Amino acid sequence: MTVQNADKADAVIIGAGVFGCAIAYYYTKNNPGKKVIVLERNEICHAATSRAAALVTRIRTKKYFIPLSLETYRAVAQMEKQLNESMDMKQVGVLHLAASESSVKELDALMEVAAEFDEPAVYLSQSTVHQKAPWINADNILKAGFMPLESYCDPYLLGTFFARCAKMQGAEIRQGVAVNEVLMEGDTAVGVTTSAGNIYANAVVIAAGAWSPIFAMQVGVGLPMAPVRSQYWITERNDLFPVNSPIVILPDVQAYARPEGGSLLFGIRESKSFTTSPFDIPADMSEFLFSPDKGVGDLSEVIDQLARFFPRVYDIGLKYYMAGFSGYTPDNNFSMGIVPGVNQLFAATGCVGAGISVAGGVGLAFAELIAGKPNPYDFSHFNISRFGKIDPFSKEWLDKCALARSLKRSG
Ligand SMILES: Cc1cc2nc3c(=O)[nH]c(=O)nc-3n(C[C@H](O)[C@H](O)[C@H](O)COP(=O)(O)OP(=O)(O)OC[C@H]3O[C@@H](n4cnc5c(N)ncnc54)[C@H](O)[C@@H]3O)c2cc1C
């Protein structure tokens, strides 16, 4: 077989969302001279990445997520220097508002995690909560915690910063190239077939977001994740939403919010989150009808609960609606690592709606793994085999993953 030089790489990555771009960034940074090709059938960050609310959460009760997020913050600082440009991260802090005994317990636990990681965190009074976030009715709040270092970002900028730095370091990012299949020789992945010919590589990474199970299935592996919709709304502008007011997490109504240039962006978890087979999501998502009524039916189910904290939700104008698919799993842990039973095939998948936050750590982990080095992080909770043999396209599986999102209470 004759292989043209241009079509051979040390590593090939399927998908240029934030994960694909971050992996290419760290791989080229840590392995000068090695060649990585990232293949994206649309434009980079076209799918989940550009749609994210983009809370870059540092502190979580799942402590093993924390080092991954902290690496995102480090990467942003480094890339800002490299590009001599600001990414304009909005460090507004986060307010966790607990209005039930169980939420108070969760908040206390979170504050302990913050202390363990040396992250600043303080309890605030009801009146301070209202001062910081004037749209909040604090009467029902039993306890409030504030973590000032938490931030949100422009997710498209984060993805493109990774991509631009990766390109400066030698990565090739090919847009408008669709991957069809993973090429195998025996039990080893040796490249991919694409709309623009075959590409051979020593390592293949599946970072295709919602569509990832399709590639794993080609090599006989049921990748444990399912596309589950997230949705949020952005209100009209109002003085109630100062641009620098904090992110707010309301676990008792499973909602979150953050300022968006004088408006409020807020999201909820529906009692039954929408899911669909990866095969049913078109390559170009711009035409996909996530919700014919722009989520109004789902919002009306929870609006009375939400109004306990956000009384103006009944009459404030909703200007924008956004929806997209993240890869969810039944235990809300990622599906990441080496694809079991296949040499040199890796999956950076099942982001459980946290991919913006953890992109730095995920990028570094896979860059090391595909270079044959040890993973610097604890990925034991993300093991792809942990659910046994599953059919990721069955209704039963899709529903299990959707339920995990429906039960989510954090940001
Ligand atoms: C509404 C919403 C709100 C969110 N809010 C947050 C948040 O606040 N904080 C947070 O951390 N995360 C959030 N997320 C999650 C976050 O957006 C994702 O975790 C992250 O973007 C996943 O990145 P990815 O690279 O895995 O996937 P994607 O960005 O979906 O990228 C996958 C890429 O693969 C490409 N691809 C697929 N198939 C092929 C093929 N055959 N050939 C070539 N290319 C292919 C796609 O075109 C796509 O560009 C949110 C998501 C949504 C939808």
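We'll go to the ligand, then to a cavity.

Before you click, note that this is a predicted model, where local features need pLDDT of at least 70, side-chain atom pairs count only at pLDDT 80 or more, and totals for chains, interfaces and linings use all residues. Residues are numbered from 1 along each chain as its sequence is written, and side-chain values use heavy atoms, with hydrogens and water left out.

At V18, a backbone N or O atom sits 3.2 Å from an oxygen atom of the ligand. For a side-chain example, go to N42, where a polar atom lies 3.3 Å from a ligand oxygen. How much of the ligand does the protein cover? It covers 97% of the 1000 Å² of accessible area that the ligand has on its own (Shrake-Rupley method, 1.4 Å probe).

Next, colour the shell by domain (bounds from an automatic or database assignment).

**Stop two: the cavity.** A cavity here is a set of points on a 1 Å grid over the protein atoms alone where a 1.4 Å probe fits but cannot get out; lining residues have an atom within 4 Å of a point. The whole structure has 1 cavity of 30 Å³ or more, and the largest cavity has a volume of about 60 Å³, meaning the space filled by probe spheres set on the points.

Select T57, V94, E150, I247 and I249: of the 10 lining residues, these are the closest to the centre of the largest cavity. Where does this cavity lie relative to the domains? Domain 1 and domain 2 both give residues to its lining, so the cavity lies between them.

Technical notes. A polar contact is a pair of N or O atoms within 3.5 Å; within protein, one must be able to donate a hydrogen and the other to accept it, and residues adjacent in sequence count only if both atoms are side-chain atoms. On a 1 Å grid over the protein atoms alone, a cavity is a set of points where a 1.4 Å probe fits but cannot get out, and a pocket is an open set with protein on both sides within 12 Å along at least five of seven lines; lining residues have an atom within 4 Å of a point.
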